[in-house]
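Reader: I have a structure to go through and I'm new to it. Can we take it piece by piece?

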Amino acid sequence: MKRSIVLASSLLPLLSCAGKVPPAPAAAEAPANSYLDYSGRDDLLAGGVKLIPIETPAGTFRVWTKRVGNNPRVKVLLLHGGPGATHEYLEAFDSYFPAAGIEYYYYDQLGSAYSDQPDRPELWELPRFVEEIEQVRRALKLDRENFYLFGHSCGGLFGIEYALKYQEHLKGLVISNMMASIPAYNEYAQKVLMPAMDPVVLAEIKSLEAAGDFENPRYMELLIPNHYEQHLLRMPAEQWPDPVQRTFKHLNTKIYVPMQGPSELGASGKLVNWDRFADLGKIAVPTLVIGARYDTMDPAHMEQMAKVVQRGRYLFCPNGSHMALYDDQQIYVDGVIKFVRDVDAGRF
């Protein structure tokens, strides 16, 4: 995820789907009457919402989840990016997943949006986030017969870490718009993204960063047209969809900045040395890796990730950027649904 354009607060960053998912019924689909029937569910009163208690070294806190639909074989838990963003920008799936019969769960990680937001800096560590995901999985009764973990951006990083520790609980994994190495991401930014920028603009951005002047309005004034609209979401910022705007507005910078760092042209926080590329071969569950031509993340690196995991598939979004879920939506969503259907039907 990236820096907010609403509040100017700190916010980051082999299948070619040329056609659409065929409309014919697939094994993943559930009949409409059962998909929409919430009777007997313990979240009926709250419309699918559950507040799940999470045990942490700093005490017990609650995280917000919301279920949509019923499908005993296909349950997708959505991990948002940031870190410190929210589930809101993933609401685009509402336009597609119900028709595909996919049961899915929105989830605000601890510190985000509707979840508790403790002011405890010691909680913003990668291993603790992984244990939080595992506690959420158990509370939602997801297991290897039905549990698909979807992670976008930093959520993809969390998804990789979760799979490396708990893949015995997974049926499938989706890593969206996230490289498996922060050093490689920083190198791509230095060697590919920055040289493509207007050198005068880049020099001014670097000057502001060197001075630590990240809250200067000029910083965002430069980044929006020269970086965000090119590599984050390829449409005029004033036209960015409401779910995206709400996520940016609600970003928790107390998580984002320590973990990612304040710069929008690379990572410099706690995750700066994170690199799991060499460990990807340990992931044995069916895995979809999604990359996009104009992404902040290197699409060639992400294609290679799909080859390194034991059972991988690569989805390339030729018109997409970091949020290809929006700027190459049909190819993106069709590819995700096809992956889920293929895994569920034993065709993967």
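Author: Let's start with one loop. Proline 83 is found in the loop between β3 (75–79) and β4 (103–108). Strands (E, at least two residues) and helices (H or I, at least four) are DSSP runs, numbered from the N terminus.

Reader: What is the peptide bond from glycine 82 to proline 83 like, cis or trans?

Author: The bond is cis, with omega near -5 degrees. Most peptide bonds are trans.

Reader: Before we go on, where do these values come from?

Author: This is a predicted model, in which local features need pLDDT of at least 70 and side-chain atom pairs count only at pLDDT 80 or more, while totals for chains, interfaces and linings use all residues. Residues are numbered from 1 along each chain as its sequence is written, and side-chain values use heavy atoms, with hydrogens and water left out.

Reader: OK. How many helices and strands does the protein have?

Author: There are 11 helices and 8 strands.

Reader: What order do the strands take in the sheet?

Author: The order is β1-β2-β4-β3-β5-β6-β7-β8, in an open sheet with mixed pairing. Two strands pair if DSSP finds at least two bridges between them. β1 (49–56) and β8 (312–317) are the edge strands, each pairing on one side only.

Reader: Which way do β5 and β6 run?

Author: Strand β5 (residues 147–152) and strand β6 (residues 172–176) run parallel, joined by 5 bridges. Leucine 149 stands opposite leucine 173 in β6.

Reader: And how many bridges are there between β7 and β8?

Author: They pair over 6 bridges, in the parallel sense. Glycine 291 has phenylalanine 316 in β8 as its bridge partner. From β7 the chain crosses through helix α9 (residues 299–308) to β8, a right-handed β-α-β crossover. Right-handed means that, with the strands pointing away from the viewer, the path from the first strand over the helix to the second runs clockwise.

Reader: Switching to helices. At what angle do α2 and α3 cross?

Author: Helix α2 (residues 126–140) and helix α3 (residues 154–166) cross at roughly 70 degrees, and their axes come within 9 Å. Axes are lines fitted to C-alpha atoms, for helices over the stretch in contact (heavy atoms within 4.5 Å), and angles run from 0 to 180 degrees between N-to-C directions. So α2 is roughly perpendicular to α3, a term for angles of 65 to 115 degrees.

Reader: Which residues make the contact?

Author: Among them are Leu126, Phe129 and Arg137 of α2 and Leu157, Phe158 and Tyr166 of α3.

Reader: Last one: what does the C-alpha trace span?

Author: About 60 × 45 × 40 Å along the principal axes of the protein.

Conventions. Angles under 35 degrees count as roughly parallel, over 145 as roughly antiparallel, 65 to 115 as roughly perpendicular and the rest as oblique.
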